[in-house]
Amino acid sequence: AEWESRSARDRFLGDLTAKRLDPSAIAVLDAQLREHPDSGGLHVLREQIYQRVENNLPAALEERRKIIELAPENQSAYLGLGDLLTAAGKREEALAAYQTCRDLGNTTSAPLTREADLHRELGHPDKALECYEAALERATQPGERAKLWQEIIALNQQLGRTEALRKRLDEWVGSEPGTPTPWLIRGQFLWKQGEREASQASLDKALEVAGKEASVARELARFYLAQADEGRAEAALLAGMKANPRSFDLYREAFDFYRDRQMYDRAIDVGKLLLATLDGRDRASWDHQLRLCFGKAGRAQAAVEYF
């Protein structure tokens, strides 16, 4: 048995992604595997079904080992094996799989980051730090680098090695002065070190150079809220919305901020701006939330006029 067309196979993959495969579709795949037992691609699909649809981790692991038998030099196969072993709670075996992935030539940060996570969970902070540092050297995406820095900072603080870390963060912002992430990470670190004035200057610089990067204002607002500083959280949101007047995510963050504090008039103002960004997306849901704010604010007539 085979898929009758490429579009039928694409539908199968879409259903797999959505976890809504019916038994007949799985039967087709099983029939193809019997006919083509050496097809690595079919084994990958079967593994995904075991893992994501049937919630059968042991069978998924068995399928992954078959994939490796068919392609023993495939580094990504060992990365997937490590992930499955981690999910199964077999951490030492997972570490060995990630090491094999690297031994086969994987030069990305992925296996190192996963090794670091496992070493941290196993209570090996020095080894975890070593792996995170190595992953940082290979990471290319700003978001990924930021997460790795956060892990490195946390472990250095745990190990009492903050003095050298401060120097490295100073060098980082010096090498990338127009990038918000170094300033943001440095500011958060300095805040935890009690250097509030230097921290505030660094965080302000992050917001200044962020420009259209709306995520910086959101992260700053959340950071300030974690420090119980609602004034600076609001200021970060206002600055972010000014720089990004079409950012749905920022308006949603600000709407929640004001509504949760029963500042309904301000929530209404932000809600109107939010609705203007939707272009039909989830309009009914947000209309309802805005109507509730009008009601809480005692502005029923204004709601009638607006809607």
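## Helix 3 and helix 4

Axes here are lines fitted to C-alpha atoms, for helices over the stretch in contact, and angles run from 0 to 180 degrees between N-to-C directions. In this predicted model, the axes of helix 3 (residues 40-53) and helix 4 (residues 57-70) come within 8 Å and cross at roughly 165°. Angles over 145 degrees count as roughly antiparallel, and helix 3 and helix 4 are therefore roughly antiparallel to each other.

The crossing of helix 3 and helix 4 is left-handed. On the helix 3 side the contact involves G40, H43, V44, R46, E47, Y50 and Q51, which meet A59, A60, E63, R64, K66, I67 and L70 of helix 4; these contact residues comprise six nonpolar, three polar and five charged.

## Helix 5 and helix 7

Helix 5 (residues 75-87) packs with helix 7 (residues 110-121) at an angle of about 20°, their axes being 11 Å apart, which makes helix 5 roughly parallel to helix 7. Their crossing is left-handed. Helix 5 contributes L79, D83 and T86 to the contact, and helix 7 contributes A110, P111, R114 and L118; by class, the residues are four nonpolar, one polar and two charged.

## Nonpolar cores

The largest nonpolar core has 37 residues, of which L203, Y224, F255, V270 and W286 touch the most other members. Among the elements that give two or more residues to this core are helix 11 (180-192), helix 14 (230-243) and helix 17 (283-296). Leaving aside residues up to four places away in sequence, V270 touches M241, Y251, A254, F255 and Y258. A second, separate core of 21 residues includes L129, C131, L136 and I185.

Note on methods
Residues are numbered from 1 along each chain as its sequence is written. This is a predicted model: local features need pLDDT of at least 70, side-chain atom pairs count only at pLDDT 80 or more; totals for chains, interfaces and linings use all residues. Side-chain values use heavy atoms; hydrogens and water are left out. Helices (H or I, at least four residues) and strands (E, at least two) are DSSP runs, numbered from the N terminus. Angles under 35 degrees count as roughly parallel, over 145 as roughly antiparallel, 65 to 115 as roughly perpendicular and the rest as oblique. A crossing is left-handed if the near helix is turned anticlockwise from the far one by less than a right angle, and right-handed if clockwise. Contact means heavy atoms within 4.5 Å. Ala, Val, Leu, Ile, Met, Phe, Trp, Tyr, Cys and Pro count as nonpolar, Asp, Glu, Lys and Arg as charged, and the others, Gly among them, as polar. A nonpolar core is a set of buried Ala, Val, Leu, Ile, Met, Phe, Trp, Tyr and Cys residues joined through side-chain atoms within 4.5 Å. Buried means under 20% relative accessible area, exposed over 50%, partly exposed in between (1.4 Å probe, protein chains only).
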